[in-house]
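Here's a quick set of notes to read alongside the model. Could you keep the structure open while you go through them?

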Amino acid sequence: MHARFPDFRLGKVLATSFTATLTERRGNAVERIPTPQRLVDWLAVNGLAVESCTTAQLELAWELRESIHAALTAAAIQDALPASAVQVINDCSIQGRAAAVLTPESNRRWRLTSASCVEDALGVIAADAISIIAGERDGKLALCASPTCQAAFFDTSQSRTRRWCDMNTCGNRQKKARFNANQHKNPDRQSDR
């Protein structure tokens with residue numbers, strides 16, 4: 001019987017979508033890439049298709065993911081970047097071989113060759129994280145307001161005041177919890193309707 005994996009939480013920013021492959025870090029953590037094949041699947045969904053992945057490559061991906069998470073979190077709270085995280089991000093960026101290509105819609109996409117491997121895809125993710133942390137992109141790093149999540153995300157909204165990494169999960173969960181708390185405080189409001 002095939003085990004069902006949790007859905008990927010896809011966003012518009014590659015590096016933060018990658019860190020979202022482990023969610024609810026401060027609660028009951030949900031691992032969304034628990035197997036090498038699942039990493040291959042995630043990379044394909046994000047335009048970084050590779051043919052295969054070993055257990056060692058999956059472990060490298062987890063190390064990069066946690067390093068990006070640590071660096072993004074530090075940058076979001078304007079703290080010093082952890083030296084070990086910076087080293088992992090830089091090492092992965094250097095090892096990757098991918099080309100930036102321009103689409104007809106004037107967007108940059110990364111292209112891997114048919115001989116590309118997981119390290120090449122991880123290099124693209126590391127480069128994306130570097131561009132965010134270095135302030136090269138228009139947006140603001142923030143931490144999710146959910147106490148069980150607190151994921152770093154890149155806020156590109158006009159006001160730069162987003163509170164949650166994902167409105168469909170963390171945002172709705174927090175709003176529902178607040179609504180239920182208010183219902184328990186004011187049970188008479190329910191009967192007035």
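Predicted model: local features only at pLDDT ≥ 70, side-chain atom pairs only at ≥ 80, totals over all residues.

1. Start with the largest pocket, which holds about 500 Å³ of space. It has 25 lining residues, and those closest to its centre are Gly 11, Phe 153, Arg 162, Cys 165 and Asp 166.

2. Where does that lining come from? Helix α1 (14-19) and strands β1 (22-23) and β6 (152-155) each put in at least two residues. By class, the lining of the largest pocket has twelve nonpolar, seven charged and six polar residues.

3. Next is the second largest pocket, at about 410 Å³. Its lining includes Gly 11, Lys 12, Val 13 and Leu 14, along with Asn 46, Gly 47 and Leu 48. Strand β4 (residues 108-111) contributes the most here, with three residues. Five of the lining residues are charged, four nonpolar and three polar.

4. Now the helix pair. The axes of α3 (residues 55-76) and α4 (residues 83-95) come within 8 Å and cross at roughly 125 degrees. That angle is why α3 counts as oblique to α4. The crossing is left-handed.

5. What meets what between them? From α3 come Leu 60, Glu 63, Leu 64, Ser 67, Ile 68, Ala 70 and Ala 71, and they meet Ala 85, Val 88, Ile 89 and Cys 92 of α4. Of the residues in this contact, nine are nonpolar, one is polar and one is charged.

Methods: Residues numbered from 1 in each chain as written. Heavy atoms only, no water. 1 Å grid on protein atoms, 1.4 Å probe; cavity = no way out; pocket = protein on both sides within 12 Å on 5 of 7 lines; lining within 4 Å. Points joined across faces, edges and corners; volume = space filled by probe spheres on them. Helix = DSSP H or I, 4+ residues; strand = E, 2+ residues; numbered from the N terminus. Nonpolar A, V, L, I, M, F, W, Y, C, P; charged D, E, K, R; others polar. Axes fitted to C-alpha atoms, helices over the stretch in contact; angles between N-to-C directions. Parallel < 35°, antiparallel > 145°, perpendicular 65-115°, else oblique. Left-handed = near helix turned anticlockwise from the far one by under 90°. Contact = heavy atoms within 4.5 Å.
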